[in-house]
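Take a look at the chain below. We will walk through it step by step, from the overall layout to single residues.

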Amino acid sequence: MTGATHRLLGMSVVLGLAVAQGWSPLQAGAGTVIGLAVSGGRLSPDMDQFRGWRLADRVLPDEALGQGGPMRHRGLTHWWGLPILVAATVPVVPPGYRWLVLALLAGWCSHLLGDFLFGRADARSGRGPGIPLAPWWGHVGLGLDTGGGLESLVRSVVLPAAVLWQSLVVMHADRPLLDFLSGVLGD
Ligand SMILES: [Zn+2]
């Protein structure tokens with residue numbers, strides 16, 4: 001999945017959580033910014049593709065741990081166990097701040113979902129498609145084509161529509177729009 005699709009999916013998942021949890025528009029807005037930050041790019045699981053990480057991967061002998069090492073792309077940062085560990089801390093977070101952790105988790109996990117769906121196997125390293133079931137090996141995923149027709153449909157139509165609709169719901173502005181649409185359609 002490309003970066004732009006990851007970020008849109010991150011926004012949509014956080015907004016869905018905001019709707020489900022009844023967050024205020026301010027919380028939903030701040031949560032969406034967090035989701036945007038951790039669903040794609042340097043602060044997301046794809047931090048394993050950036051310069052500092054790649055450099056560290058070349059220097060550190062993590063390959064000695066087997067299976068290509070935890071620092072490889074779609075390795076440890078893409079393991080579902082990390083967000084589970086963070087989720088385990090939620091009960092000790094003061095209730096007023098839990099939404100921040102939940103937004104972080106939702107954005108991060110949306111990236112894992114995206115990579116589970118999209119992304120072919122890497123023949124060169126022998127890595128399978130998707131995300132690791134074990135900490136950095138045993139990849140599973142649907143292996144849909146990154147940057148293919150389905151992803152571009154999701155990125156250019158499905159997710160923008162979802163994010164727009166969810167934003168309206170969060171701002172409690174969906175009712176006037178529905179009334180307007182039903183007026184236009186002349187029911
Ligand atoms: Zn990724």
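**A walk through the helices**

The crossing of H2 and H5 is right-handed. Keep that pair in view, for much of this tour returns to it. Bear in mind that the model is predicted. The axes of H2 and H5 come within 8 Å and cross at roughly 40 degrees. On the H2 side, the meeting residues are Gln27, Gly31, Ile34, Gly35, Ala37, Val38 and Ser39. On the H5 side they are Trp99, Leu100, Ala103, Leu104, Ala106, Gly107, Trp108, Ser110 and His111. By class, this contact holds nine nonpolar residues, seven polar ones and no charged ones.

Now step back to the whole chain. It has seven helices and two strands. Read from the N terminus, the elements run α-α-α-α-α-β-β-α-α. The C-alpha atoms fill a box of roughly 65 × 45 × 25 Å along the principal axes. Of the 187 residues in the chain, 35% are buried. Look also at contacts between residues at least 6 apart in sequence: 66% of them join residues at least 24 apart.

Return to H5, which covers residues 98-117.

H2 has another partner. H1 and H2 pack at an angle of about 145 degrees, and their axes are 8 Å apart. This crossing, too, is right-handed. From H1, the residues that take part include His6, Arg7, Leu9 and Gly10. Among those they meet in H2 are Gln27, Ala28, Gly31 and Thr32. The contact of H1 with H2 has eight nonpolar, seven polar and one charged residues.

Next, the largest nonpolar core. It has 27 residues. Which of them touch the most other members? They are Val14, Leu15, Leu17, Ala18, Leu102, Ala103 and Ala106. Helix H1 (3-21), helix H2 (25-39) and H5 each supply at least two residues of this core. H5 gives the most, with ten residues. Follow one of the core residues, alanine 103. Leaving out residues up to four places away in sequence, alanine 103 touches Val14, Gly31, Ile34 and Gly35.

Now move to the strands. Proline 135 sits in the loop between strand S1 (131-132) and strand S2 (139-140). Is proline 135 buried or partly exposed? It has 16 other C-beta atoms within 10 Å, so it is partly exposed. A residue needs 20 or more to be buried. Leaving out residues up to four places away in sequence, proline 135 touches Pro70, Leu76, Trp79 and Gly81. Proline 135 and tryptophan 80 are 55 residues apart in sequence, yet their C-alpha atoms are 8.0 Å apart in space.

End with leucine 164, in helix H6 (residues 149-170). Leucine 164 has 13 C-beta neighbours inside 10 Å, so it counts as partly exposed. Compare leucine 164 with serine 110, 54 residues away in sequence. Their C-alpha atoms lie 18 Å apart in space.

Key: Residues numbered from 1 in each chain as written. Predicted model: local features only at pLDDT ≥ 70, side-chain atom pairs only at ≥ 80, totals over all residues. Helix = DSSP H or I, 4+ residues; strand = E, 2+ residues; numbered from the N terminus. Expected span 1.5 Å × (residues − 1). Core = buried A, V, L, I, M, F, W, Y, C linked by C-beta atoms within 7 Å. Buried ≥ 20, exposed ≤ 12 C-beta atoms within 10 Å, placed from the backbone. Contact = placed C-beta atoms within 7 Å. Axes fitted to C-alpha atoms, helices over the stretch in contact; angles between N-to-C directions. Left-handed = near helix turned anticlockwise from the far one by under 90°. Nonpolar A, V, L, I, M, F, W, Y, C, P; charged D, E, K, R; others polar.
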